[in-house]
Amino acid sequence: MKEHTEVTFEGMMKANQIVARVLEMLADMVGPGVDTKTLDKRAEQFIRDNDAKPAFKGYRGYPATITTSINHQIVHGIPSKKQVIKPGDIVSIDVGCNHSGCYGDSALTVPVEPITASSRKLIDITRKALYEGIKKVQVGEKLGAVGAAIEQFVLPHGFSVVREWAGHFIGHKMHLNPQIPNFGPADWGPILEPGMYLAIEPMVNMGEYQSEILSDGWTVVTKDNSLSAHFEHSVAVTEDGPKILSKRKNEVLI
Ligand code: MG
Ligand code: MG
């Protein structure tokens, strides 16, 4: 049977707006004493209530709906009753869903006040780096321009960009090729065309870029134990420029 690979802009928007609603809700729930299993349950309920399916659950055996990566955890932390949020934490949450064969994928990092000035700067630079990458999502631009813009924005601030993990194209599957690295030359890769959908996701470390995976087989942490932040949007390439499919209400794009 031929694989169904066509997705529509409207379908991609719908799936990504479900993800956006989840992130809005979870960002409001994050606070001292809250465990991440509670966040995960809320996310799964909302996704299923909206006729969608969690995209991460069961993906290569992953056990949950969201990933929760706190402080030195970069990505892919597994929600747990034992993972309890405390003041000063920075909490990265990643969510994906499948609605009618279209995939949504987005992430953000939430500060748990009071946080340090350096943590605030890390979050701010990572969020802005995502927008710098998104600006390059233009018809006729090369894919490499996205990662190059992210890297060139981040490095002068003294932070590093994670290299072992990358963004990806998205559509009828969550992860489509090619990968979208957050670093490297601008003059690289396929030329962007209308109808392409990119999940752009800078991961920025306060220290060195190297990462390692914990013995749970999932959680990616900084090798030097430094803090890490993560922001992700799914973006459509259109003749009118980038369209952020997973844009949250009240999100200010600066
Ligand atoms: Mg994601
Ligand atoms: Mg992704």
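Biologist: Is tyrosine 62 buried or exposed?
Modeller: This is a predicted model, and in it tyrosine 62 is buried, with a relative accessible area of 3%.

Biologist: How many aromatic pairs does a search of the whole structure find?
Modeller: The search finds one aromatic pair. In this pair the rings of tyrosine 62 and tryptophan 218 have their centres 4.9 Å apart and their planes at 80°, so the arrangement is edge-to-face. The pair links distant parts of the chain, since tyrosine 62 sits in the loop between strand E1 (53–54) and strand E2 (66–70), while tryptophan 218 sits in the loop between strand E11 (211–213) and strand E12 (220–222), 156 residues apart.

Biologist: Are aspartate 94 and aspartate 105 buried or exposed?
Modeller: Aspartate 94 is buried, at a relative accessible area of 7%, and aspartate 105 also counts as buried, at 2% relative accessibility.

Biologist: What about E4, how many of its residues are buried?
Modeller: Ten of the ten are buried, so E4 is largely enclosed by the rest of the structure. Both of its faces are covered, with Ile90, Ser92, Asp94, Gly96 and Asn98 on one side and Val91, Ile93, Val95, Cys97 and His99 on the other.

Biologist: Which way do E4 and E5 run, and how many bridges join them?
Modeller: They run antiparallel, joined by ten bridges, and one of the pairings sets asparagine 98 against tyrosine 103 in E5. The hairpin of E4 and E5 has two residues between the strands, and serine 100 there takes a positive phi near 50°. E2 also runs antiparallel to E4, with five bridges joining them, and threonine 68 has isoleucine 93 in E4 as its bridge partner.

Biologist: Last one, which rings does arginine 163 lie over?
Modeller: Arginine 163 lies over the face of phenylalanine 183, at 4.5 Å from the ring centre, and over the face of tyrosine 209, at 4.9 Å from that ring's centre.

Key:
Residues numbered from 1 in each chain as written. Chains lettered and ligands numbered in written order. Predicted model: local features only at pLDDT ≥ 70, side-chain atom pairs only at ≥ 80, totals over all residues. Heavy atoms only, no water. Buried < 20%, exposed > 50% of the residue type's maximum accessible area, 1.4 Å probe, protein only. Phe/Tyr/Trp six-rings, centres within 6.5 Å; stacked < 30°, edge-to-face > 60°. Helix = DSSP H or I, 4+ residues; strand = E, 2+ residues; numbered from the N terminus. Lys NZ or Arg CZ within 6 Å of the ring centre and 35° of its normal. Pairing = 2+ DSSP bridges.
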